[in-house]
Structures are given as structure tokens and as C-alpha cells.
Amino acid sequence: MVKRPDARRRSEKSRRAIYDAALSLVGDVGYPRTTVEGIAARAGVGKQTIYRWWPSKADVLLEAFLDLGERVAEEAGQQPYRIPDTGDLAADLKAVLRATVDELLDPRFEAPSRALAAEGLVNEQLGREFVAKLLEPQLQLYVERLRSAQEAGQVRAEVDPRIALELFVSPLAQRWLQHTGEISHTYTDTLVDYALHGLAPR
């Protein structure tokens with residue numbers, strides 16, 4: 001008896017090929033020159049396969065990014081999209097920001113990340129989707145961790161967590177995007193120390 005192909009396995013293989021093709025193509029040629037046809041050709045699938053699963057190239061790329069983030073976290077032995085809560089706020093923030101530095105410097109991430117981030121500055125629709133689907137869910141994890149710290153008395157009750165997180169997230173993003181300086185574990189550790197302890201003499 002001939003064994004029938006596993007359709008789910010075949011679909012997953014195609015989906016993975018499309019993710020990889022989308023990320024590598026946008027890194028190679030930039031977002032404006034990336035097309036569904038180009039992704040399909042690089043992935044070795046028909047473009048109708050892509051349109052069956054996603055309405056646009058932006059949707060393909062954003063989903064591919066989410067998938068890549070989960071895979072990288074799993075490879076590092078981390079629970080995807082979680083900030084640890086050990087009771088030590090500084091240590092927890094330093095740990096997650098160190099992981100972010102490693103991700104930003106990972107060649108699998110860097111070129112496509114820069115291409116999408118740059119396009120998001122001039123393409124308003126893509127920028128909104130990038131924030132809504134990728135950036136904001138990650139920022140909300142910082143909000144949750146800071147609120148936990150407030151409940152534990154480690155952060156002042158009147159502090160707005162959504163603003164506070166920008167003290168260490170935004171400088172890292174700016175330095176990475178604009179190449180204004182090296183990003184490293186030491187750099188992000190210092191950001192956390194400055195954010196939590198301020199600049200005035202103790």
C-alpha cells in the first residue's frame with residue numbers, strides 16, 4: 001500500500017520556506033523591491049500558495065519575524081516573549097536586554113530588521129503594522145514586569161510603566177538603528193542602572 005503524503009507536514013515545510021525566503025529577500029534587496037513573486041520564487045512555491053495564507057508581503061514578513069523570534073528564543077533555551085520575574089527587577093531587565101542585543105546582532109535578524117525598520121519610517125501603513133504586531137506586544141511585556149515591580153514596592157506607584165520602559169528600550173533602538181555607538185551587554189546593563197537609579201548622587 002502506497003503511503004499518502006502528509007499534507008500538514010508538506011504545508012509546514014512550505015510555510016517555513018516562505019518565512020526564510022521573505023526574510024532573506026528583504027535583507028538582500030530592501031522592502032520596496034521585495035515582492036510576493038520574488039518570495040515565491042526564492043521559496044520554490046507558487047505565488048498562489050502565499051496568497052492563500054497571507055493577503056500581502058507585509059503580512060508574510062511580519063509573521064516571519066514573529067516566527068524567527070520564537071525560534072531564536074527556543075534555541076537559546078528561553079521561553080519566547082516572557083520577561084523573567086525573579087524578584088530582582090534590575091537582573092530581570094538586564095537579562096532580557098542582553099538577549100535583545102544578541103538578537104539584534106544575529107545575522108538572521110539584522111539585515112531584515114533594518115530593512116523593515118527603515119521602510120516603516122516612510123511607509124506609514126507598514127510602520128503601524130510593525131508597531132501593532134511586533135513592537136507593542138513586546139513592550140507590553142516590559143509594562144507587565146514593571147507593574148509587578150510596583151506591586152512589590154520596587155518602583156514608585158505613580159510611575160507610568162509605558163513611559164518608564166522607554167528609558168532603556170529607546171536608547172538601545174536608536175543606537176542600533178542609527179549606528180551611533182556599539183551595542184553590547186555592558187551598554188544595556190548601564191541603561192538599566194541609569195534608568196532605575198537615576199543620575200543624581202546617591
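Reader: Which residues of helix H5 are buried?

Author: Leu 89, Ala 90, Asp 92, Leu 93, Val 96, Leu 97, Val 101 and Leu 104 are. This is a predicted model, in which local features need pLDDT of at least 70, side-chain atom pairs count only at pLDDT 80 or more, and totals for chains, interfaces and linings use all residues. Residues are numbered from 1 along each chain as its sequence is written, and side-chain values use heavy atoms, with hydrogens and water left out.

Reader: What makes a residue buried or exposed?

Author: Its relative accessible area decides. Buried is under 20%, exposed is over 50%, and partly exposed lies in between (1.4 Å probe, protein chains only).

Reader: Why does Asp 189 count as buried?

Author: Its relative accessibility is 13%. The cut-off is under 20%, so Asp 189 counts as buried. Asp 189 is found in helix H10. Leaving aside residues up to four places away in sequence, Asp 189 touches Lys 94 and Arg 98. A contact here means heavy atoms within 4.5 Å.

Reader: Which other residues of H10 are buried, and what do they pack against?

Author: Tyr 187, Thr 188, Leu 191 and Val 192 are buried too. The buried residues of H10 pack against helix H5 (89-105) and helix H9 (166-178).

Reader: And what covers the buried residues of H5?

Author: The cover includes helix H6 (107-122), helix H7 (124-151), H9 and H10.

Reader: What are the domains, and where do their bounds come from?

Author: The bounds come from an automatic or database domain assignment. It gives domain 1 (12-75) and domain 2 (89-197).

Reader: How many residues are in contact between domain 1 and domain 2, and what area is buried there?

Author: 16 residues of domain 1 are in contact with 16 residues of domain 2. The buried area is about 1,400 Å², and carbon and sulfur atoms give 76% of it. On the domain 1 side, Tyr 31, Leu 62 and Phe 65 lose the most area to domain 2, together 44% of what that side buries. Buried area is the accessible area (1.4 Å probe) that two parts lose on being put together, summed over both.

Reader: What is the pLDDT over residues 1-7?

Author: It stays under 50 there. The scale runs from 0 to 100 and gives the predictor's confidence in each residue. Where pLDDT is low, the predicted coordinates should not be read in detail. For residues 1-7, the model has one contact beyond four places in sequence.

Reader: What is the mean pLDDT of the protein chain?

Author: The mean is 87, and 91% of the residues reach 70 or more.

Methods. Helices (H or I, at least four residues) and strands (E, at least two) are DSSP runs, numbered from the N terminus.
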